[in-house]
Amino acid sequence: MTTAVVPSRMPRGSAICLAPLVLAAAVLAGTAIGETRLPLATVLRTLANHLWGAGYPVDGIEAGIVWSYRLPRAIVAACCGAGLALTGVVLQALLRNPLADPYLMGLSAGASTGAVLVTVAGVGGGAISMSLGALTGALVAFGCVVALARAVGGGAGGGRETQAAAAIILAGIAGSQLFNALTAFTIARSANAEQARGIMFWLMGNLSGIRWEDVAACTLVSLVGVGLCLWHRRGLDAFAFGADSAASLGVNVPVLRGTLVTATAIMVGVLVSKVGAIGFVGLVVPHAMRFLVGTRHDRLVPASALAGAVFLVAADVVSRVLVPGQVLPIGVVTALVGAPAFALILVRGARR
Amino acid sequence: MKVGVHGLFARIHRAPLLEDVSFHLSQGELFGLVGPNGSGKSTLLRCLAGLRRPSSGRVLADGADLARLPARTRARRIALVEQHADTMDRLTVREAVELGRTPHLSPLRGWSAADAAAVEAALAAVEMADFAARHWHTLSGGEQQRVHIARALAQTPDLLLLDEPTNHLDIRHQLSLMALVRGLPITRVIALHDLNQAMACHRVAVLHRGRLAAVGPPGDVLAEDMLARVFGVAGSSREDPDGSRHLRFSHAL
Ligand SMILES: Nc1ncnc2c1ncn2[C@@H]1O[C@H](COP(=O)(O)OP(=O)(O)OP(=O)(O)O)[C@@H](O)[C@H]1O
Ligand SMILES: [Mg+2]
């Protein structure tokens, strides 16, 4: 009879209360732990001073580390984790492909091309920042991929929506390859070894340059992203049996797919331009959360956003303290931790 | 729902799939769609469901042009059970059936008791209530087919389109499904391969290479020459002792 296990359902109210607490705890941990050991009291006092002018006496340098470096860094890490995981959820659902990840649409390849053109080839003559170059590159690459997908998908017949999904994936692969080749070409032509190493580090994720000015944009895009996905949660659910089935359930497939793919692409474009292309989060967190909370998007969207945020804050802490005196690229940590965790989830999931 | 199909053409890269198909369905009619493989049954059903835009011609649902209807309005009135639809998601039977309520819900309007009742009724109608907590991928092909039908029933449509719904079903479930479909008060279009099941319809349409070969009561339409010309089989219709008509096939021509 009913042998298969149904994911246990937590009462909704407690989950809603718990989520911000977990997130706040993660950000606090991200602020408190680092290479320079600071007592928790110092961290809390600094935060209290800034948040409601408590006026505790604290060391100026220590307060600077906490407030100007670690806190914005932890907040941006949380935003990136949430945004990347969310994008994975959306693309895997809409394109019916378990391997879809946030960089599928050529975003990381385009961002690297943009960054390299600005830093190595000197495009813009120093007037535009690497981050702006990366954002422009990401969006240009996304535009190319969308144009290609439309050209490929146009005129397709029966099961049209399904074919459109395949066209998007293939166009994304082609676009990524093209922009990666452009990046490699630019580096080979004009970069010295030092620049090439810097670019490689940035591509694997680098949060060390994050300051308060970056926080607003990252927070805004990830909050809008969460809201938009929650608003369209039923539409995302309806894709379970494919795009044609979603259409027969009253989902306007081209509009929903266009809206969510474009919105998540802008979100990831902004995030990549700030911190580089952090891998693995967008691919793995959604799968892990499907095992834990099921496939319904009213739970999957908030659960993935939260898990992605906590995971990336934790990965950032690990990347700072793992090797003394050196900060690892955060992408290395996400893959090192994420791959075995993912394997474990898969094995346990298959057993039940 | 009353349906009017007017001069429907559908093509793909210039190859015609449907040519000049016209017919009318009256409210509450059970309409059978038969024809050999590739004759255009699924294509016609997709046009009726509004999933495929005809290259010319119109489908009118209670007088309203289907192409102009918003997707959500359309899905509240028309449900389609596709020939093939599978998922890799780990969803339960109940969750799969709940998807049928999608067109009745909105981002702000949550799940209500009426939605839950529609889902329970749909599960019971296909005798899948005991399986509600099972995962989709643990079901047999026939059980999955019954869940698809429950999902369409949960949509509470006025027009139900079924593409070979008796596929994969054992004989008992074939008969109980046909009895279920016959008992529904709504307009139904059902694509079938078993011509004897088609004999239970009010009217049948025979599709042959994208054209309508005939429309009418099954006893008149599925005659010896039609079976030979369209299906390429030798067969004839017999009267059973209880007065119903039954087709016997002897060999392929
Ligand atoms: N995307 C497509 N590209 C090319 N040909 C197509 C496409 N979709 C359908 N066709 C062709 O259109 C014809 C009608 O297909 P359709 O699926 O409507 O047939 P059917 O009557 O449902 O057949 P079956 O009994 O096998 O289900 C077939 O010859 C099929 O090969
Ligand atoms: Mg068919």
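Visitor: Which residues touch the most other members of the largest nonpolar core?

Guide: Of the 178 residues in that core, A:Ala78 and B:Leu161 touch the most other members. A nonpolar core here is a set of buried Ala, Val, Leu, Ile, Met, Phe, Trp, Tyr and Cys residues joined through C-beta atoms within 7 Å, where buried stands for 20 or more other C-beta atoms within 10 Å of the residue's own, with C-beta atoms placed from the backbone. This is a predicted model, in which local features need pLDDT of at least 70 and side-chain atom pairs count only at pLDDT 80 or more, while totals for chains, interfaces and linings use all residues. Residues are numbered from 1 along each chain as its sequence is written, and chains are lettered from A and ligands numbered from 1 in the order in which they are written.

Visitor: And which helix gives the most to this core?

Guide: Helix 3 of chain A, residues 60-95, does so with 21 residues; helices (H or I, at least four residues) and strands (E, at least two) are DSSP runs numbered from the N terminus. The core also draws at least three residues from each of domain 1 (3-222) and domain 2 (226-253) of chain B, the bounds coming from an automatic or database domain assignment.

Visitor: What does B:Leu161 touch?

Guide: Leaving out residues up to four places away in sequence, B:Leu161 touches B:Leu45, B:Leu48, B:Ala49, B:Ile78, B:Ala79, B:Leu80, B:Val81 and B:Val189, a contact being two C-beta atoms, placed from the backbone, within 7 Å.

Visitor: New topic: which strands does strand 1 of chain B pair with?

Guide: Strand 1 (residues 3-12) runs antiparallel to strand 2 (residues 15-25) of chain B, joined by seven bridges, and pairs in the antiparallel sense with strand 4 (residues 56-61) of chain B over five bridges; pairing requires that DSSP finds at least two bridges between the strands. B:Arg11 has B:Pro16 in strand 2 as its bridge partner, whereas B:Gly4 has B:Leu60 in strand 4.

Notes
Buried ≥ 20, exposed ≤ 12 C-beta atoms within 10 Å, placed from the backbone.
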